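Student: I have a model open on my screen and would like to learn how to read it. Could we go through it together, one feature at a time?

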Amino acid sequence: MPRTCSLIPLKANEAYANTSYSDIPDIIQLTPYVENAVAYIAGYVAKTLLKRLDCSTCAAALTQQNTDHTDNVYHLTETKNRGGLTTPSQSTVAVCSEAEKCFRRMKAVQPPSCEKFADTVMLCTTEDVMSRQKPIFAELHDHMFDTEPENNHIIHLVKAVAQEYTRIRLYHWGKEYTSSISESKIRKNLSKLILFKHQ
Ligand SMILES: [Zn+2]
């Protein structure tokens with residue numbers, strides 16, 4: 001669960017609310033290692049959403065049967081696949097990569113503990129992905145017309161993937177954050193102990 005920013009003064013929060021994420025330059029390039037990790041997390045995202053999605057057409061677009069072995073981003077997923085990890089489709093991985101980039105861009109201007117952080121990342125990702133030249137979840141293009149325009153399943157799916165990715169990402173950020181606190185606490189306690197011993 002994302003923490004609320006109770007420690008951050010209201011004024012700072014207001015300032016963040018006025019920050020337009022589209023103003024932040026998109027300079028983030030993911031390293032091949034990060035891309036692999038993103039594809040791996042995308043497998044969890046797909047697995048989680050498969051259980052939650054009501055629409056079987058959309059659910060089918062989350063995963064793919066055969067991974068393209070020449071595609072390096074699937075390397076980690078392939079390696080770990082013995083445990084039955086779901087292979088995410090290229091579109092699922094693409095949304096997760098964009099979510100990772102948005103996560104990094106947002107993190108530079110506001111703390112991930114902020115209340116609206118997850119929503120901002122989700123909206124930023126959706127906007128970036130939907131404005132791409134190459135259509136996302138192209139196989140769902142016809143399916144889009146099965147539904148009402150205000151209930152566009154492609155947008156719903158992109159949002160769901162981005163939201164789940166951010167949720168997992170925030171969980172890990174929380175763990176990193178907590179461990180950094182405890183590390184500094186241990187260091188503090190250790191230095192106190194050393195001081196005490198030298199007295
Ligand atoms: Zn659908």
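Student: Let me start with a helix. Which residues of helix 6 are buried?

Tutor: First, the terms. Helices (H or I, at least four residues) and strands (E, at least two) are DSSP runs, numbered from the N terminus. A residue is buried if 20 or more other C-beta atoms lie within 10 Å of its own, exposed if 12 or fewer, and partly exposed in between, with C-beta atoms placed from the backbone. In helix 6, the buried residues are F117, A118, T120, V121, M122, C124, T125, T126, D128 and V129. That is 10 of the 14 residues, so helix 6 is largely enclosed by the rest of the structure.

Student: What kind of model is this, and how are its residues numbered?

Tutor: This is a predicted model, in which local features need pLDDT of at least 70, side-chain atom pairs count only at pLDDT 80 or more, and totals for chains, interfaces and linings use all residues. Residues are numbered from 1 along each chain as its sequence is written.

Student: What pLDDT does the protein chain average?

Tutor: pLDDT is the predictor's confidence in each residue, from 0 to 100. The protein chain averages 78, and 67% of the residues score at least 70. Over residues 1-19 the pLDDT is below 50, and this stretch has 15 contacts in the model beyond near neighbours in sequence. Here, two residues are in contact if their C-beta atoms, placed from the backbone, lie within 7 Å. Residues 21-25 also have pLDDT under 50, with six contacts beyond four places in sequence.

Student: How many helices and strands does the protein chain have?

Tutor: The protein chain has seven helices and zero strands. Of its 199 residues, 31% are buried. Among contacts between residues at least 6 apart in sequence, 78% join residues at least 24 apart.

Student: At what angle do helix 5 and helix 6 pack?

Tutor: Two packed helices are described by the angle between their axes and the distance between the axes. The axes are lines fitted to C-alpha atoms, for helices over the stretch in contact, and angles run from 0 to 180 degrees between N-to-C directions. Helix 5 and helix 6 pack at about 130 degrees, with their axes 9 Å apart. Angles under 35 degrees count as roughly parallel, over 145 as roughly antiparallel, 65 to 115 as roughly perpendicular and the rest as oblique. Helix 5 and helix 6 are therefore oblique to each other. On the helix 5 side, V95, E98, A99, C102, F103 and M106 take part, meeting residues of helix 6 that include F117, V121 and C124.

Student: Which residues of helix 2 and helix 5 meet?

Tutor: Residues V34, E35, V38, A39, I41, A42, V45 and A46 of helix 2 meet T92, V93, C96, S97 and E100 of helix 5. The axes of helix 2 (residues 32-52) and helix 5 come within 9 Å and cross at roughly 120 degrees. This pair is therefore oblique too. Helix 5 is mostly covered, with 14 of its 18 residues buried.

Student: Which residues does T92 touch?

Tutor: Not counting residues up to four places away in sequence, T92 touches A42, V45, A46, L62 and V161. T92 and V161 are 69 residues apart in sequence, yet 7.0 Å apart in space, C-alpha to C-alpha. With 28 other C-beta atoms within 10 Å, T92 is buried.

Student: What is phi of F137 near?

Tutor: Most residues other than glycine have a negative phi. Phi of F137 is near 45 degrees, a positive value in a residue other than glycine. F137 lies in the loop between helix 6 and helix 7 (153-198). F137 counts as buried because 24 C-beta neighbours lie inside 10 Å.

Student: Is H143 buried or partly exposed?

Tutor: H143 counts as partly exposed, with 18 C-beta neighbours inside 10 Å. H143 is also in the loop between helix 6 and helix 7, and touches T57 and H153, leaving aside residues up to four places away in sequence.
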